[in-house]
Amino acid sequence: MKNTLKIKQIFLFTCTFFVLCTSIVLANSAAGDKSSRFPFFIDISPDHKDFEAVTYLHSHDMVNGYSDNTFLPNRAISRVESIKLLLEASKKTIQKSSSNTFIFTDIPSEKWFSNYVYTAKKIGVINPDGEVGTGNFNPTRTVNRAEAIKMILEVNNVSVLSANTGEQWFYPYFKKANELHIFNKHYRNDELNILYSYAADNLTRGEISTYMYRYILSESRDLRNDISGNNSANLSADMFGDTSSNPLKINALFSKGLLTLEWNAGKFDKFVVHMIQKQENNRTEEVVFNVTGNSITFTTKDLKKFKIGLIEFKIKKSEQLVARFILPVYTKFTPYISNEFTVHAEATTYQYGYLNKKISVQIDKKSQNIDGIDFSKYKIYVLNSTENLYEKSVTSYNENSLYFEFTPQIKDLYIIEISDEFGLAKAVIPVTPYGFFPILPNNLDILESVNTNKNYSNSEIIQKINVLRQKHGVSPVIEKIELSSLAQIRARDMKERKYLGHYTPEGLSVNDMRSDYSLTSSLSENLATHSRGSAFAAIGLEYSPTHRKTLLNPELQYVGVATEKLENGEVLLVEVFQDIVLEQTDIDAGEILLYNYISENFPSQNADIILQNISEDWSKIMVEKRSAQTDFTDGSSWKNILNTYNVTESTGIFVLSHQTPVKMKEYFEENPTILSEFFAKKVSYGLSIKMDSMGVVYLTLIGSE
C-alpha cells in the first residue's frame, strides 16, 4: 500500500502548512527554536556573513578553530595566523625549519608557528616587517586588507603586474583580486578608488577566510561538486600511495536524498570504504564497507548511527590508504508533491549565496482539465536552517502554473512550501546548494525502515513532543484534559462529516470553541493523517517545518491529543496546544511594563491619574464587548467617559487587543511610529490593560495636550 501523509497547520492569526515526508496531512501554528543545523563552530551561525566560507574551508580540512570549538570570526587576524590559514587552505607542504635556520630575529625556531613562517618566507610570500634590514616579522601585528590580498594571491602563485609610477604598491593586487571576484562586489574601473580606500582596514579571521574561499571558487576548484584529484590539484581528497600513473578521482553525488561516491576504477577492483565520525564524549562511530567496482550508495541503514556534522571518508585498496576526505552532513528533508502537480526547482548556481543568484520554483497542473485551482490565492513559505519561517509573495501565475523566485542572503538549505487558500500544502521542495549533503535519516526514515505500521498512545505522542522540546531547550508541555476533549471532538467531527481542515463546514475553528471548555488563552492546532498509523503521523509533524515551529513554541504550555481511524484506513491525529494562561498578576505586571516602556522612550510624557481612570473605564467596556474599538453600535463611546470626568482639553485614544502585554510591547517596538505619532503634541497620558474571560488582553491609551 502506498503511504499517504497529509499535513496542515493553523496559527492564531494566520494559516500556514507544510508537508515533508511522503504522504501525510498536518496542521500547526507556532514559532520554533533557532538552533543551528551546522555545529562546526559554536560562534558562527548560518546567518553570519562568513559562515559559508568558514564552513566550507573547515569541512575540507583547510582551516581549524580553537579547542573550545570556536572560530572567533570577528577577531582581527594576526600576521602569523593569516600565514597559517592561507598555507593550509592552499594545501601547501609545510617545511620544517631547524634550530640553525634563520627566519626572522623575533621568530624562535621552537615556536609552534616557526615552520609556517619559514615556509611562507621560503616561497616568497612574506618579507620582514617595517624598515628593510630590521629582520623582524612582528607575528602578532594585525593584517590589513592590502597585505591579506597580496598574501592570498602570492601563496596561490597568481601573477600580478608591478605598480605603475605614482601608484600605491597594492593597486595591482586589488585589480587582480577584483577580476577574480574576491571582494564583496565587483568594482568598475571608475570605482577602484573606492576599493583602494579600504586598503588599510584590519581584516578579521572570517573575512580572510571568505577572501580565500572566493579565490578557490574563481579558480573553478570548487570541491563541493568535484572532490577528486591528486596532490598537485589542491583538491580536498588527500591521495596516498603511488597514484602518479593513475590517480584516483572521486566524485560525491547527492540525489534524491542519497549520497553516492564514484571513482575511476575497474568494475572488478576491490576497495574498502571507512566512514568515521568523532562524536560526544570522545566516542568514535565507524562503519566499514567492502566495495567491488567504482561506486557505493549509502542507505538509511548505513547512516543512522551518524549525527549532524563532519564525516571522514577513507578509501583503501589492498589495505593501502589511497584517499581521504571529509564531508559535512545534515538531516534530510523529504519532498512532497500533490498528485495534481509537477514541480521544477532550481538553484541557478552554487554561488547564489554571494553573487545574488536566484532560487526558482514552478508548479504546473498535470492536466489543464483539473478544476478548482486558484493560484492567485496560493501562499508560499520559505524555511531556512535556523528554523526561521518567512512568508513570500508569488512571483507570477496563470491559469495552469505558478512561479516563484527569491534571492537568498546566505548560502543555506531552504525548504519551500506552496499551499492553497485552505492551508493544504501542495508542494514542499527542499533546495540543496552544492556542498550541502542532507543525507542523514530523520526519525521518520528510521521508523519507516523498521515498522510496517505503528500506533502511539496519546501519552506516547505527548512524550515524543516533549523529547523534541527538551532536545532544543524548550520546557515540556503538560497534558490538559479539556484540550484532549476538544481534540477528540474535532477528530470525530472530521471523521463523521468527512472533511479535513481547521474550520468546520460552518466556519468554526478551535479558538471559536474554546469557551465551551473554559479555555482562557489562544489555541493552536496540528492535524495529520497517515496510512501507517499515528506514530508516522506524529513523527511526520516533527519534520514539517511549520508544524515543528508549533511543537517547539516555548509560549505553548498545554496540549491535548486525539486520534481516529478513518474509513479509508488512515489514522487522523489532532493536537491542540494552549498558549500561556495569564493571571491577574501578569496583567498588573504588564501595565507596569508598558508604563516603563513609555517612560524610557517618551520621557517628556507625564502619567496622569485621571487619564488612567478614563482608560480603565474604557478597557472594561472593551472586555465586556470583546472588541477593541473606540465606539460601539449601541452608542457606547469613549468620549462619553470624558464627559463623566469633565475632561475638556484636547485628547486622543489608542486601543489594541493582543495575546499578552509582552506581545503588546513587542508590537510597539516593531512599529515605533505608532506611539511617536500618538504622543505628538501631547504632554500627559494614562493607560490600562484588562483581560476578558477568553484570555484576550485589551489596552486603552489616552493622551492629552
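User: What makes the contact of Glu 564 and Arg 492 a salt bridge?

Analyst: Happy to walk through it. In this predicted model, the side chains of Glu 564 and Arg 492 are 3.5 Å apart, N to O. The cut-off for a salt bridge is 4 Å between a side-chain nitrogen of Lys or Arg and a carboxyl oxygen of Asp or Glu, so the pair qualifies. The two partners come from distant parts of the chain: Glu 564 lies in strand S22 (residues 556–565) and Arg 492 in helix H12 (residues 481–497), 72 residues apart.

User: Why is Glu 564 called buried?

Analyst: Its relative accessibility is 14%, and buried means under 20%, so Glu 564 counts as buried.

User: Why are Lys 175 and Glu 167 both called partly exposed?

Analyst: Lys 175 has a relative accessibility of 31%, and Glu 167 has a relative accessible area of 24%.

User: What makes Glu 340 and Lys 426 a salt bridge, and where do they sit in the chain?

Analyst: The N to O distance is 2.9 Å, and the cut-off is 4 Å, so this pair passes too. Glu 340 is in the loop between S10 and strand S11 (341–347), whereas Lys 426 belongs to strand S18, 86 residues apart. Both Glu 340 and Lys 426 are buried.

User: What makes strand S18 mostly covered?

Analyst: S18 runs over residues 425–431, and six of its seven residues are buried.

User: How do you know that S18 pairs with S10 and with S17?

Analyst: Pairing needs at least two bridges, so count them: S10 (residues 336–337) and S18 have two, which means that they pair, in the antiparallel sense. Tyr 336 has Val 428 of S18 as its bridge partner. S17 (residues 414–419) and S18 have six bridges, so they pair as well, again antiparallel. There, Ile 415 stands opposite Pro 430 in S18. The hairpin of S17 and S18 has five residues between the strands, and Gly 423 takes a positive phi near 85 degrees.

User: How many salt bridges are found in the whole structure?

Analyst: The search finds 26.

Key
Residues numbered from 1 in each chain as written. Predicted model: local features only at pLDDT ≥ 70, side-chain atom pairs only at ≥ 80, totals over all residues. Heavy atoms only, no water. Buried < 20%, exposed > 50% of the residue type's maximum accessible area, 1.4 Å probe, protein only. Helix = DSSP H or I, 4+ residues; strand = E, 2+ residues; numbered from the N terminus.
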